[in-house]
Each structure stands twice: as structure tokens, then as C-alpha cells.
Amino acid sequence: MNNTEPEHIFALNIQVAEVNIKIRNNLWQVGGNGLTDPSDAAVYIVRFGDSAALIDAGSGRGQEQLIKNIAECLEPHVKLEYLLLTHCHFDHTGGANAVRDEYGCRIVMHELDAVYIESGDNRVTGASWYGARIKPFTIDIKLQGRETILDIGSGNVKAIFSPGHSPGSVVYTTEVDGELIIFGQDVHGPIHSELLSDEKQYLDSLTELLNLDGDVLLEGHFGVIEPKKEVRGFIEYWRSPIGVSHYAILYAPDDWDPRRGKAATSVQPTDMND
Ligand SMILES: [Zn+2]
Ligand SMILES: [Zn+2]
């Protein structure tokens with residue numbers, strides 16, 4: 001007999017799609033593939049008292065859903081003060097200007113990437129990879145040098161220059177309830193000449209990222225990585241020879257396996273035993 005009544009618990013386990021992912025108190029993922037539009041890199045939000053900052057904006061194609069998701073996290077009196085952009089790529093920045101229009105926030109980015117946004121460079125921003133054209137917009141606060149502290153409400157975020165994937169990539173860090181949170185975004189690369197990537201800089205930046213010893217790594221396409229041991233493993237993977245060959249030939253988040261088994265086999269020559 002194959003018509004057994006399903007157990008009630010199965011019905012209880014059916015969940016509606018989440019509109020955001022709570023990572024910690026006052027820290028959420030509000031955008032990205034599965035939450036907004038498939039072309040969106042991950043979008044995170046962190047709140048400090050009556051102020052908040054959004055980290056990256058997605059491509060803009062999921063704008064309406066992004067705004068709904070943000071409203072689920074922030075009470076109306078909380079002001080979104082900053083949009084912190086990690087780098088110039090379209091999947092992180094295409095929606096930035098619309099976010100500023102909506103919330104009146106200030107857009108922050110390193111000056112070495114700002115130039116490609118302000119000039120509307122479809123190649124270096126990767127917009128052409130998405131069949132899009134980037135509409136130039138101004139960056140309100142252009143970061144310079146190695147480190148900048150931004151005060152936001154009752155807390156702060158540190159911007160750390162982390163070039164390689166793009167010329168002006170930035171990693172943002174903050175503390176939430178005693179844990180070091182790293183908004184690392186495209187830690188996995190890729191390294192590509194069209195994006196003006198620099199492999200040496202990228203590998204040096206990964207070493208610095210490792211030395212931060214973060215508790216939680218929030219990545220642009222791999223989502224939330226924790227605890228500390230997994231954060232180290234993830235960064236070490238992309239810094240290792242196997243990660244280097246992986247980013248050269250693959251750009252598929254699905255190929256990441258925490259135990260590295262799948263990723264390891266994906267770079268083996270398939271015709272070895274022929
Ligand atoms: Zn990306
Ligand atoms: Zn990128």
C-alpha cells in the first residue's frame with residue numbers, strides 16, 4: 001500500500017519563503033539570490049540604536065522586494081544612514097542609487113572603485129556580464145587609504161582596504177554582541193582581467209582577512225559563514241592553490257562544499273584514467 005496518510009509534522013514543517021534572514025540581533029541578510037533577485041549579490045543590514053547601514057545594494061532588479069525586506073527588519077524610527085559598498089561590481093551596486101533615493105542615505109565606497117561607478121564603466125563594473133548598463137551615479141563618501149572608522153548611531157563600522165578582486169575593494173567589519181562580523185563580500189574572487197583584478201593583491205588581502213580572525217564572515221555569494229573555524233577554512237581555501245585554480249575556471253557558489261570534497265573533485269582532470 002502506498003497511500004499512507006502523511007504525518008502531520010510534515011505539514012507543520014512547510015515554510016513560506018523567508019523575506020529576510022536574521023543572523024544576529026540587529027544583523028540581517030535582506031537581499032541576494034533567493035531573497036530578492038537571482039542577479040543580486042548578498043545585501044546585509046546592521047543596526048546600531050536608531051541608525052543602520054546597508055552593506056551593498058544588489059543589482060536593482062529586486063528593488064521592491066529589498067525595500068519590503070528592509071522594512072521587516074527596521075522599525076520606522078530607525079534611519080538608514082549609510083549604504084556601504086564593498087566594490088563597484090554591478091551585482092552589488094546596480095541598485096545603489098535607488099536605495100539612496102528611497103532612504104536618503106549616504107553612499108560610501110573606496111575612491112579607487114568610485115571612479116568606475118561615476119564614469120559608468122560597463123566593463124570594470126561587470127555590468128556587461130549581466131547584460132546591463134550601469135547608470136553613473138555619485139559616491140558621497142570616497143574612502144582613501146587603508147582604514148576608516150565610520151560612526152553609525154551607537155556603534156561603528158571599520159572599512160578596510162582589501163584590493164585584488166577589484167582595484168578598490170573594501171571589507172567592512174563591526175562588533176555585534178562581542179563577535180567580530182566581517183562583511184567580506186566577494187572573498188572568493190573571481191580574478192579577471194576585464195575587472196582589473198590583481199591576483200597578488202587579492203592573495204595579500206586574503207592573508208589580511210585571515211588575520212582579522214573574524215567570528216562570522218558574510219560573503220557576497222556564499223552567504224553566512226560561521227563559526228570561526230569555518231571562516232578560516234573558507235578564506236584558506238580561496239588562498240590555496242586549489243582555490244586559485246577553482247576561481248580561474250569556475251564561478252559557481254554551488255561548487256563550494258564546506259568539506260571541500262566537491263570543490264576538490266571539480267578541479268581534477270576528468271580524463272586522467274583514460
Ligand atoms: Zn559579486
Ligand atoms: Zn565582485
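Which residue in β9 is the bridge partner of Asp151?

What we have here is a predicted model, in which local features need a pLDDT of at least 70 and side-chain atom pairs count only at pLDDT 80 or more, while totals for chains, interfaces and linings use all residues. Residues are numbered from 1 along each chain as its sequence is written, and chains are lettered from A and ligands numbered from 1 in the order in which they are written.

Let's start with confidence. The average pLDDT, the predictor's confidence in each residue on a scale from 0 to 100, is 86 for the protein, and 82% of the residues score at least 70. Two stretches stay under 50: residues 1-16 and residues 249-274. By contact I mean two residues whose C-beta atoms, placed from the backbone, lie within 7 Å. On that count, residues 1-16 have one contact beyond four places in sequence, and residues 249-274 have 19.

Now, back to the opening question. The bridge partner of Asp151 in β9 is Asn156. Helices and strands here are DSSP runs numbered from the N terminus, with helices being H or I of at least four residues and strands E of at least two. Two strands pair if DSSP finds at least two bridges between them. β8 and β9, the latter covering residues 155-161, pair antiparallel over six bridges.

These two strands belong to an open sheet of six, ordered β8-β9-β10-β11-β12-β13, with mixed pairing. At the edges stand β8 (147-152) and β13 (223-225), and each has a single partner strand, so one side of each is left without a neighbour in the sheet. On average, neighbouring strands of this sheet are turned by 25° against each other, direction ignored; the axes behind that angle are lines fitted to C-alpha atoms, for helices over the stretch in contact, and angles run from 0 to 180 degrees between N-to-C directions.

With β10 (residues 170-176), strand β11 runs antiparallel, joined by five bridges, and Tyr172 has Phe183 as its bridge partner. With β12 (residues 216-219), the pairing of β11 is parallel, over four bridges, and here Ile181 is partnered by Val216. To get from β11 to β12 the chain passes through helix α6 (residues 199-212), in a right-handed β-α-β crossover. Right-handed means that, with the strands pointing away from the viewer, the path from the first strand over the helix to the second runs clockwise.

Next, some backbone details. Most residues other than glycine have a negative phi, and most peptide bonds are trans. Asp177 has a positive phi near 50°, and sits in the loop between β10 and β11. So is Asp177 buried or exposed? It is exposed, because 10 other C-beta atoms lie within 10 Å. Gln185 also has a positive phi, of about 50°, but this residue lies in strand β11 and counts as buried because it has 29 C-beta neighbours inside 10 Å.

Then the cis peptide bonds. One runs from Gly189 to Pro190, with omega near 5°, and Pro190 is in the loop between β11 and α6. Another runs from Glu226 to Pro227, with omega near 0°, and Pro227 is in the loop between β13 and α7 (228-239). Helix α7 also holds Trp238, which counts as partly exposed because it has 19 C-beta neighbours inside 10 Å.

Lastly, packing. Helix α5 (residues 111-118) has Leu112, Asp113, Ala114, Tyr116 and Ile117 as its buried residues, and these pack against α3 (90-93), β6 (106-110) and β7 (141-143). After α5 comes Gly120, with a positive phi near 65°. Leaving aside neighbours within four places in sequence, the contacts of Ala53 are Val46, Glu81, Tyr82, Leu84, Ile152 and Val157.

Key
Buried ≥ 20, exposed ≤ 12 C-beta atoms within 10 Å, placed from the backbone.
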